[in-house]
Amino acid sequence: MNTHYPDPARIETPARHTLAVIVDNEPGVLARIAGLFSGRGYNIESLTVSETEHEKHLSRITIVTNGTAGVIQQIKAQLERLVPVHRVTDLTLQGGAIERELVLCKVVGKADHRVEAMRLASAFGARTLDATLTSFVFELTGTTEEVERFISLMTAVGLAEVSRTGIAAMSRGAEAM
C-alpha cells in the first residue's frame, strides 16, 4: 500500500487577519458581506461597522477572520468584487496595526467581592459607569488580550453580564486607507 503523507513544510497554518473594508452606507451591504462569508464557510471572529464619511455616505467595516494565506487572498478578492465595496485592506499584512475593543462588564457581589472588583478595575484602568449597593458596570478599552484577561478575572468576583464591541483597527503611520 502506497500511503502519501503531505510534506509538513508545505502545509499552511491558518492565521488571524484583520480586514478593513470601505463600503457604501446603504441597506443590505452588511448582509451581503456576511452572506459572502457564511456561503463559503468562512468564520467572522469579530465584526464592527459604522459610517465614517458622512458626506460621501461611506462606512468602514472591520472584519477579523482566520485562514491560510490563500483563503485570505480569496476572501479579499471576493469582497473587492462586491459592487458597494470601494477598498479592502489587510491590516495584518501592513503590520503593526492598532487594534482596540470596548467591553462593558456587569459585576454583582457584596463585601470582599466588591472591593476586589474595584481593585481589579483600577488595575486595568477601567471606568466605573454605574454603581449600586450590589453591582458595578465597568467600561474597559484595550486589546483583545487585555479584554479577555479582564473578563477572566472579573468572573472570579461575580461577573454577571458582558457586552463587547468587536475590534476597531487602523494602520500606524501617516498613510490613510
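What follows is a chat about the sheet, helices and nonpolar cores of a predicted model.

Student: What is the strand order in the open sheet?

Tutor: The order is S2-S3-S1-S4, four strands with antiparallel pairing.

Student: Which strands stand at the edges?

Tutor: S2 (44–53) and S4 do. Each has a single partner strand, so one side of each lacks a neighbour in the sheet. Neighbouring strands are turned by 20° against each other on average, ignoring direction.

Student: How many bridges do S1 and S4 pair over?

Tutor: 5 bridges, in the antiparallel sense. Ala20, for example, has Thr89 in S4 as its bridge partner.

Student: And which strands does H1 touch?

Tutor: H1 packs on the sheet and touches S1, S2, S3 and S4, and its direction makes about 15° with that of S3. H2 also packs on the sheet, touching S1, S3 and S4, at about 160° to the direction of S4.

Student: At what angle do H1 and H2 pack?

Tutor: About 145°, with the axes of H1 (residues 29–39) and H2 (residues 69–81) 11 Å apart. The crossing is right-handed. Ile33, Leu36 and Phe37 of H1 meet Ile75, Gln78 and Leu79 of H2. That contact divides into 5 nonpolar residues, 1 polar and no charged.

Student: Switching to the largest nonpolar core: how many residues?

Tutor: It has 16 residues, and those with the most contacts inside it include Ile33, Phe37, Ile75, Leu79 and Val85. H1 gives the most, with 4 residues.

Student: What does Val85 touch?

Tutor: Leaving out residues up to four places away in sequence, Val85 touches Val21, Ile22, Val23, Ile33, Leu79 and Glu80.

Notes
Residues are numbered from 1 along each chain as its sequence is written. This is a predicted model: local features need pLDDT of at least 70, side-chain atom pairs count only at pLDDT 80 or more; totals for chains, interfaces and linings use all residues. Side-chain values use heavy atoms; hydrogens and water are left out. Axes are lines fitted to C-alpha atoms, for helices over the stretch in contact, and angles run from 0 to 180 degrees between N-to-C directions. Helices (H or I, at least four residues) and strands (E, at least two) are DSSP runs, numbered from the N terminus. A crossing is left-handed if the near helix is turned anticlockwise from the far one by less than a right angle, and right-handed if clockwise. Contact means heavy atoms within 4.5 Å. Ala, Val, Leu, Ile, Met, Phe, Trp, Tyr, Cys and Pro count as nonpolar, Asp, Glu, Lys and Arg as charged, and the others, Gly among them, as polar. A nonpolar core is a set of buried Ala, Val, Leu, Ile, Met, Phe, Trp, Tyr and Cys residues joined through side-chain atoms within 4.5 Å. Buried means under 20% relative accessible area, exposed over 50%, partly exposed in between (1.4 Å probe, protein chains only). Two strands pair if DSSP finds at least two bridges between them.
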